[in-house]
Amino acid sequence: MQEIKIFDATLRDGSHAIAHQYTEGNIRDYCLAMDGAGMDAIVVGHGNGLGASSLQVGLSLLPDSKMLQVARENLKQTKLAAFMMPGYGTIRDDLIPAVELGVDVFKVGCHCTETNITRQHIEFLAGKGKEVYGVMMMYHLADRNTLLEQALQLESYGAQGVILMDSAGASTPEMVSDTVALLAGKLKCRIGFHAHNNLGLAVANTYTAIRSGASIIDGTIRGFGAGAGNCQLEAIVALLKKEGIPCKADLYTMMDASEEYVSKWWKDDRGLDDINIVNGMAGVFSGFRRHVENAASCFGVDARDILMELGRRKAVAGQEDMIVGIAKELQDAKKSVRNKQ
């Protein structure tokens, strides 16, 4: 089995958990603590990626350029990575500046059936000699053959790996095993897995992915991330070491960073509460949580009902405006029932 690569998304996916309010000090301290801990790359930026800071999905405290600059200055042994989704970011406004700031690794994400929109971005980055990966988000919404077709497209554009993102935490180990095994058997590039923990399976699903042929783990320290959080890197690394699977991560350094920094940032870590679990059942993008809770409070409706309706409509990242509309519909339905009684 080839050595497992680890992409640490704590300073990217973890941004969701603190409403995108990472400070310069947070980024500096974390990078200094984790540099040399055996991560292949540390991903930095807004939770939704380069160019995503906005009123619709949340404003970052710092611009992308400042976050990347601070990280670049404090990472000497570890590659700096950035994430981008076409539609939020562009080549001119976001990728070129990131390249000039010294970003080493790029992950270009899209909905799992729309990989064609990443072509120009991946080809541009590959042409610049950058390490670039295609990320297929909300992969649970497509069948395996469709996912294979889409993954082959990413590989043809020059992606050095394809990462399946379980954006809703809706996967079962069987789904993971079947999908990863198919892709690993047909693609020449690496396969990765990015888990969310809405059904309590993030570590198990990541381990299953590795056993099925994946060689990239995309997770966070302490599981710090959107909704129920991600695959906890300390836990999966401990499991890899226990099972003798090659991995260069320094477990104690990761644990120290978790206790010293991440534990203090995640003040509302509630484990698997009802919202997280229903989010996984509904198969909804984990980054919707705060927006759903705000709309539920504003319109006096149940956040779980909003999530289930979002799932029925197959909402994806970027469709946050749908949340308010659904909350209003639920409120109107509630009033109608009351009026008839």
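Reader: Is Tyr-261 buried, exposed or partly exposed?
Author: The relative accessibility of Tyr-261 is 22%. The cut-offs are under 20% relative accessible area for buried, over 50% for exposed and anything in between for partly exposed, with a 1.4 Å probe and protein chains only. At 22%, then, Tyr-261 counts as partly exposed.

Reader: Before I go on, what kind of model is this?
Author: Residues are numbered from 1 along each chain as its sequence is written, and side-chain values use heavy atoms, leaving out hydrogens and water. Local features need pLDDT of at least 70, side-chain atom pairs count only at pLDDT 80 or more, totals for chains, interfaces and linings use all residues, and the model itself is predicted.

Reader: How many aromatic pairs are there?
Author: Rings of Phe, Tyr and Trp (its six-membered ring) pair if their centres lie within 6.5 Å; planes under 30 degrees apart are stacked, over 60 edge-to-face and the rest tilted. Under that rule, the number of aromatic pairs is 8.

Reader: What are the centre distance and plane angle for Phe-224 and Trp-265, and how far apart in the chain are they?
Author: This pair is tilted, at 6.2 Å centre to centre and 45 degrees between the planes. Phe-224 is in the loop between strand S8 (216-219) and helix H9 (233-243), while Trp-265 is in helix H10 (residues 251-265); helices (H or I, at least four residues) and strands (E, at least two) are DSSP runs numbered from the N terminus. Both Phe-224 and Trp-265 are buried. So the pair links distant parts of the chain, 41 residues apart.

Reader: Which residues do ring pairs link into a cluster?
Author: Phe-224, Tyr-261 and Trp-265 from above are among the members. The complete cluster is Tyr-22, Tyr-30, Phe-224, Tyr-261, Trp-265 and Trp-266.

Reader: Which ring does the charged end of Arg-12 sit over?
Author: The test asks for NZ of Lys or CZ of Arg within 6 Å of the ring centre and within 35 degrees of the ring normal. Arg-12 is 4.7 Å from the ring centre, and the ring belongs to Phe-83.

Reader: Which side chain makes a polar contact with the side chain of His-194?
Author: His-194 lies in strand S7 (residues 190-194) and is buried at 0%. A polar contact is a pair of N or O atoms within 3.5 Å; within protein, one must be able to donate a hydrogen and the other to accept it, and residues adjacent in sequence count only if both atoms are side-chain atoms. Here the distance is 3.0 Å, and the partner is Asp-13.

Reader: Which residues touch the most other members of the largest nonpolar core?
Author: A nonpolar core is a set of buried Ala, Val, Leu, Ile, Met, Phe, Trp, Tyr and Cys residues joined through side-chain atoms within 4.5 Å. The largest one has 78 residues, and there is a second, separate core of 23 residues that includes Val-278 and Phe-285. In the largest core, the ones touching the most other members are Leu-11, Ile-27, Met-34 and Phe-106.

Reader: What is phi at Ala-19 and at Arg-222?
Author: Most residues other than glycine have a negative phi. Ala-19 sits in the loop between helix H1 (14-17) and helix H2 (24-34), and Arg-222 in the loop between S8 and H9. Both values are positive: Ala-19 is near 55 degrees, and Arg-222 is near 65 degrees.
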